Amino acid sequence: MKTVALIVAAGKGERTGAALPKQYAAIGGRAMLAWSHAALSRHPMIDTVLVAIGAGQEALIAEALPDAAYITGGATRRESVAAGLAALAGADRILVHDAARPFLPAAVIDRLLAALDSHEGAVPVLPVADTLVRDDGETVPRESLHRVQTPQAFRYASLAEAHRRWTGGDATDDAQMVRALGGSVALVQGDAMLEKITWPGDIAAAEARLGMETRSALGSDVHRLADGERLWLGGVLIPHHQGLSGHSDADVALHAITDALLGTIAAGDIGMHFPPSDPQWRGAESGQFLRHALSLLRARGGRVTFVDLTLICEAPKIGPHREAIRARIAELLEVSADRISVKATTTERLGFTGRGEGIAAQAVVTAMLPGSAL
Ligand code: CTP
Ligand code: MG
């Protein structure tokens, strides 16, 4: 049984009032479209995810989702779905989803697919909470009314036929087209997280719904001081009669920050991602380790909010280089330098740092991540 997902993202998002089509706007640290794409892609029952983009949006999707499969949609939502159906011929079941609904819980997908066992289609719905009134002042009973969301799931053949035979005007969803042919469409429980983004202010409201959580994690590292080495600290080359030795450039400060950053997403440590046994990291510039850790955090919708670094050494003096180190770390992490703290201490000539045998670094990285499991 082949199950495919189509995300329709070919609209202009005119009602948001912004120049950038809403599906490419940043929300919780990533493009709106990337959220539902990730949710559909990681669902175990979904084999393929296809995006219908607007003509001329190629550069936008390349930036938002470099690896996504896409086709060009049409002038209306219905035409965009039709283009997707044509490209996905051969599927048994299809989910059609609006890019404008970024937060898609896996449980909704489960409910929709389960309902397809007994129905041609299934849509997620929420109850109407407000009292409804017509222009003429008559109250409309709300008990039998539902707010319809996406994704909407269908047996592929039923939806394809509904699109082929549709003679009505522009349909705003696919379920009405399947019902027009007498197909049964189940109503399953939707989710408040799936609320659609339409108007100015909806993005801010969605981010609030997402709820960002704050996480802090610690990283530490030590490297040996040796003759004939260069001294890199925090991505800055420091003039000194000795340098740090190690497999890479041995930048103890960047290694500690990288480990802390990986800690915020519980993604193991630097040695796991860049094994010292791998010859390609010989002499490597440690900035790239930090950038990789940052990309992993960003892939989860997170961002770095603060770094507190402590360097532990007898020499060199860090003070004269503090601002350069702050600026370089800020540049690597794409944050302002006031979010980077660089401190230094000696160990009163005690221990290996006190004897000048090596330099130690400790870092705490604070990051904000989407709180829910979306
Ligand atoms: N859509 C589409 N092709 C179109 C029009 C809309 O794929 N020709 C998609 C939108 O990208 C969106 C979904 O259909 O994901 C629902 O449409 P809507 O919320 O109306 O989005 P827009 O049409 O982009 O917004 P607006 O109507 O405010 O311009
Ligand atoms: Mg529209």
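User: Is Arg349 buried or exposed?
Analyst: Arg349 is exposed, with a relative accessible area of 64%. Here exposed means over 50% relative accessible area, buried under 20%, and partly exposed in between, with a 1.4 Å probe and protein chains only.

User: What am I looking at, and how is it numbered?
Analyst: This is a predicted model, in which local features need pLDDT of at least 70 and side-chain atom pairs count only at pLDDT 80 or more, while totals for chains, interfaces and linings use all residues. Residues are numbered from 1 along each chain as its sequence is written, chains are lettered from A and ligands numbered from 1 in the order in which they are written, and side-chain values use heavy atoms, with hydrogens and water left out.

User: Back to Arg349: where is it in the chain?
Analyst: Arg349 lies in the loop between strand E18 (340-345) and helix H12 (351-354). Helices (H or I, at least four residues) and strands (E, at least two) are DSSP runs, numbered from the N terminus.

User: What is phi for Arg349?
Analyst: Phi of Arg349 is near 60 degrees, which is positive although the residue is not glycine. Most residues other than glycine have a negative phi, and most peptide bonds are trans. Ala266 also has a positive phi, near 50 degrees. Ala266 sits in the loop between helix H8 (252-264) and helix H9 (270-273), and is exposed at 68% relative accessible area.

User: What about Arg93, buried or exposed?
Analyst: Arg93 is buried yet has no salt bridge, and the nearest side chain of opposite charge, Asp117, is 4.6 Å away. A salt bridge requires a side-chain nitrogen of Lys or Arg within 4 Å of a carboxyl oxygen of Asp or Glu. For charge, Lys and Arg count as positive and Asp and Glu as negative; His and the chain ends are not counted.
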